[in-house]
Amino acid sequence: RPLLHLALLLVTNSIFAISMQEAEQRALESSPAIRLGNLQSEQNDAQYAQALLSWFPEITFGSMAAILQKSQKISHLQKQKHLFSNQFTLTQKIFSSDLLGNLKLSRLIKEGGAVGKEMAISDTLYAVRTQYILYGMKNQEFALEHVKLAFLQQVYQDETIRLKTGRSTQLQVAKAKAAISYEISKQ
């Protein structure tokens, strides 16, 4: 009987090949819904940044250099054969309802995408945890059936020994043997 308890202990302690945390981590890494959510979140972040940056000033700089074939007279004392031109422009919209609407809409889309991503993570974790527990329960059930079968076999052996010593009957041995057969057919 101590062997029976030891077997039960070993079976219940080694039900799972991986821990629930490992199963969750693997599911989070391989879930298409989460991958899609991550990509959508990155796209929403980029759209929000683009809408935000449209409020900042637009700065442009242009430069030109030219060598003339003939020197040009700039003043009565100066002639110039090289021309240089630099242009710096700063443009900023003070108010635009389109820009404001785009900024608010992109912020809402970004927040909605973050919520959608969290929902995908929660759904994935819920599915993993549910399946993990169901798997554990099935394994426990299977282990208990094996323990029950081992117990019934031990009872059969005990009844056989009792029959030889005269403390049991053929009927008791047959009942023990039938219980083993029933358990095997049930499994």
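This is a predicted model: local features need pLDDT of at least 70, side-chain atom pairs count only at pLDDT 80 or more; totals for chains, interfaces and linings use all residues.
The crossing of helix 2 and helix 4 is right-handed.

## Helix 2 against helix 4

Helix 2 and helix 4 pack with their axes 10 Å apart, at an angle of about 140°. The two helices are therefore oblique to each other. From helix 2, the residues taking part are Met20, Ala23, Glu24, Ala27 and Leu28, and they meet Ile121, Thr124, Leu125, Val128, Arg129, Tyr132 and Ile133 of helix 4. Sorted by class, this contact of helix 2 with helix 4 has nine nonpolar residues, one polar and two charged.

Which residues of helix 2 (residues 20-30) are buried? They are Ala23, Glu24 and Ala27. Looking down the axis of helix 2, you would find these buried residues within an arc of 100°, so they line one face of the helix.

## Helix 3 against helix 4

Next comes helix 3 (residues 32-53). Its axis and that of helix 4 come within 9 Å and cross at roughly 165°. That makes helix 3 roughly antiparallel to helix 4, because an angle over 145 degrees counts as such. The crossing of helix 3 with helix 4 is left-handed.

On the helix 3 side, the contact is made by Ala33, Ile34, Gly37, Asn38, Ser41, Asn44, Asp45, Gln47, Tyr48, Ala51 and Leu52. Helix 4 brings Asn102, Leu103, Ser106, Arg107, Ile109, Lys110, Gly113, Lys117, Ala120, Ile121 and Thr124. By class, the contact of helix 3 with helix 4 divides into nine nonpolar, nine polar and four charged residues. Ile121 and Thr124 of helix 4 take part here, and they also meet helix 2.

## Helix 4 against helix 5

Helix 4 (residues 97-165) also packs with helix 5 (residues 170-186), their axes coming within 9 Å and crossing at roughly 160°. Helix 4 is thus roughly antiparallel to helix 5. Helix 4 passes helix 5 in a left-handed crossing.

Among the contact residues of helix 4 are Glu145, Lys148, Leu149, Leu152, Tyr156 and Leu163. Helix 5 contributes residues including Val173, Ala176, Ala179, Ile180, Glu183 and Ile184. In the contact of helix 4 with helix 5 there are 10 nonpolar, four polar and six charged residues.

| Helix pair | Axis distance | Crossing angle |
|---|---|---|
| Helix 2 and helix 4 | 10 Å | about 140° |
| Helix 3 and helix 4 | within 9 Å | roughly 165° |
| Helix 4 and helix 5 | within 9 Å | roughly 160° |

Val173 and Gln154 are 19 residues apart in sequence, and their C-alpha atoms are 12 Å apart in space.

Ala174 is found in helix 5 too. Ala174 is partly exposed, with a relative accessible area of 42%. From C-alpha to C-alpha, Ala174 and Thr160 are 9.5 Å apart in space, and 14 residues apart in sequence.

Gln92 takes us out of the helices, as it lies in the loop between strand 2 (79-91) and helix 4. With a relative accessible area of 49%, Gln92 is partly exposed. What does Gln92 touch, not counting residues up to four places away in sequence? Its partners are Trp55, Phe56 and Pro57.

Key: Residues are numbered from 1 along each chain as its sequence is written. Side-chain values use heavy atoms; hydrogens and water are left out. Axes are lines fitted to C-alpha atoms, for helices over the stretch in contact, and angles run from 0 to 180 degrees between N-to-C directions. Helices (H or I, at least four residues) and strands (E, at least two) are DSSP runs, numbered from the N terminus. Angles under 35 degrees count as roughly parallel, over 145 as roughly antiparallel, 65 to 115 as roughly perpendicular and the rest as oblique. A crossing is left-handed if the near helix is turned anticlockwise from the far one by less than a right angle, and right-handed if clockwise. Contact means heavy atoms within 4.5 Å. Ala, Val, Leu, Ile, Met, Phe, Trp, Tyr, Cys and Pro count as nonpolar, Asp, Glu, Lys and Arg as charged, and the others, Gly among them, as polar. Buried means under 20% relative accessible area, exposed over 50%, partly exposed in between (1.4 Å probe, protein chains only). The arc is that of the directions from the helix axis to the C-beta atoms.
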